[in-house]
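The notes after the structure are grouped by topic.

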Amino acid sequence: MSACFMIGPSLYYFTKSALIEPEKTPVVWKRTYWGWFLAIVLFGITFPYQNNPHVWKYLCPQLIYVQWSVFVILSGWQLRGLFAKLFNSTEKLSETEKSLLSIFIGVLIIHIAFVLSIMGAFKGMYISGALFFSFILYLNIPLFINRKKSNTVFLVDQDEKRYVNKKILDEYALPLTEKLERIITEQELYKNPDLKLGDLAKKMNISTHQLSQLLNDNLGKSFTVYINEYRIEEACQLMVREHAIKLEAIGYEVGFNSKSTFYAAFKKHKNTTPKGYKEQLSAS
């Protein structure tokens with residue numbers, strides 16, 4: 001019964017990891033997950049079954065199903081975009097999205113079976129739950145063995161080509177974009193002339209491919225263009241604040257590794273040279 005406390009959190013973090021594809025598990029996920037595990041252990045030590053059978057027979061099932069319900073709802077909210085696609089005739093779910101929904105729906109049905117059992121709809125709470133679990137498991141087996149292995153939700157990083165020309169769903173792209181902007185501005189990462197796409201992806205705890213997908217498909221910018229925008233804006237602010245500083249020095253200060261690169265990027269973004277921009281500032 002103690003293990004049932006982990007079903008909800010496991011479903012929730014599995015769903016989040018499948019959608020976000022972090023390169024490594026975020027620390028907050030680990031703390032939350034193992035926090036539940038520690039709570040279960042402490043509860044078992046404090047209220048051992050041998051001495052408190054009534055607690056485990058009546059209180060624990062209620063706690064389990066309340067906690068399980070909360071995480072099922074949170075997981076369903078994460079998948080709302082996929083459910084919208086499911087009922088939209090103009091959009092088609094990918095094989096990975098189908099498998100992810102099948103896992104969620106399977107866990108949801110098992111959860112409902114247990115809840116109905118404890119409410120008296122079925123006789124034998126645990127046998128009914130086990131039967132529903134077996135039914136859902138066998139129902140999903142053909143879905144996984146009759147398709148290419150590289151398309152399963154468990155192997156998303158092994159076949160990145162399936163994401164080509166596909167935008168990340170807006171509800172997932174927006175928080176990622178906000179996180180990206182916050183990390184870049186707060187840590188001033190753009191000032192690092194050796195900043196790489198992989199370095200930034202690690203800072204965000206997502207895969208390099210997903211960051212590239214977010215930039216190219218959702219924001220419509222390459223990594224270089226995106227970072228240079230921050231550098232150019234910082235350069236413009238320095239020209240306003242530091243009148244005596246040389247233009248070449250400004251380029252190096254904001255993260256460019258050469259004068260020519262700085263001038264080319266500045267002209268591309270501002271349609272004028274750094275010298276021309278500074279003269280406009282003086283004139284105004």
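Helices (H or I, at least four residues) and strands (E, at least two) are taken as DSSP runs and numbered from the N terminus. This is a predicted model, in which local features need pLDDT of at least 70 and side-chain atom pairs count only at pLDDT 80 or more, while totals for chains, interfaces and linings use all residues. Residues are numbered from 1 along each chain as its sequence is written, and side-chain values use heavy atoms, with hydrogens and water left out.

**Overall make-up**

- The protein chain has 13 helices and zero strands.
- Of the 284 residues in the protein chain, 40% are buried; buried means under 20% relative accessible area, exposed means over 50%, and partly exposed lies in between (1.4 Å probe, protein chains only).
- A contact is defined by heavy atoms within 4.5 Å. Among contacts in the protein chain between residues at least 6 apart in sequence, 64% join residues at least 24 apart.

**Helix α7**

- Helix α7 covers residues 170-187, and its 18 residues should span 26 Å at 1.5 Å a residue. The expected span is 1.5 Å times one less than the number of residues in the helix. The end C-alpha atoms of α7 are 25 Å apart, which agrees with that expectation.
- Tyr172, Ala173, Leu176, Thr177, Leu180, Ile183 and Ile184 are the buried residues of α7. They cover an arc of only 135° around the axis, so they sit on the same side of α7. The arc is that of the directions from the helix axis to the C-beta atoms.
- Asp170, Leu174 and Glu186 are exposed residues on the face of α7 turned away from its buried side.
- The packing partners of the buried residues of α7 are α1 (7-20), α3 (53-78), α4 (80-86), α8 (197-204), α9 (208-218) and α10 (223-241).

**Salt bridges**

- Side chains of opposite charge can pair when their charged atoms come close. A salt bridge here is a side-chain nitrogen of Lys or Arg within 4 Å of a carboxyl oxygen of Asp or Glu, and the count comes to five salt bridges.
- Lys191 and Glu188 form a salt bridge through their side chains, at 3.4 Å from N to O. Lys191 is partly exposed at 23% relative accessible area, and Glu188 is also partly exposed, at 37%.
- Lys270 and Glu233 form a salt bridge at 2.9 Å, N to O. Lys270 lies in helix α12 (residues 259-270) and Glu233 in helix α10, so the pair ties together parts that are 37 residues apart in sequence. Lys270 is partly exposed, with a relative accessible area of 28%, and Glu233 is partly exposed at 39%.
- Glu234 and Arg241 form a salt bridge at 3.9 Å, N to O. Glu234 is buried, at 10% relative accessibility, whereas Arg241 is partly exposed at 45%. Salt bridges with shared partners join Glu188, Lys191, Glu234 and Arg241 into one network.

**Aromatic rings**

- Rings of Phe, Tyr and Trp (its six-membered ring) pair if their centres lie within 6.5 Å; planes under 30 degrees apart count as stacked, over 60 as edge-to-face and the rest as tilted. By this rule there are 16 aromatic pairs.
- Tyr33 and Trp34 have ring centres 5.9 Å apart and planes at 85°, so this pair is edge-to-face. Tyr33 is partly exposed, at 25% relative accessibility.
- Tyr12, Tyr13, Trp29, Trp36 and Phe71 are linked into a cluster by ring pairs.
- A charge sits over a ring if NZ of Lys or CZ of Arg is within 6 Å of the ring centre and within 35 degrees of the ring normal. The charged end of Arg80 sits over the ring of Trp77, 4.0 Å from its centre, and Arg231 lies over the face of Phe256, 5.5 Å from the ring centre.

**Positive phi values**

- Most residues other than glycine have a negative phi.
- Asn205 lies in the loop between α8 and α9, and its phi is positive, near 60°. Asn205 is buried, with a relative accessible area of 18%.
- Asn271 lies in the loop between α12 and α13 (274-283), and has a positive phi of about 60°. Asn271 is exposed, at 68% relative accessibility.
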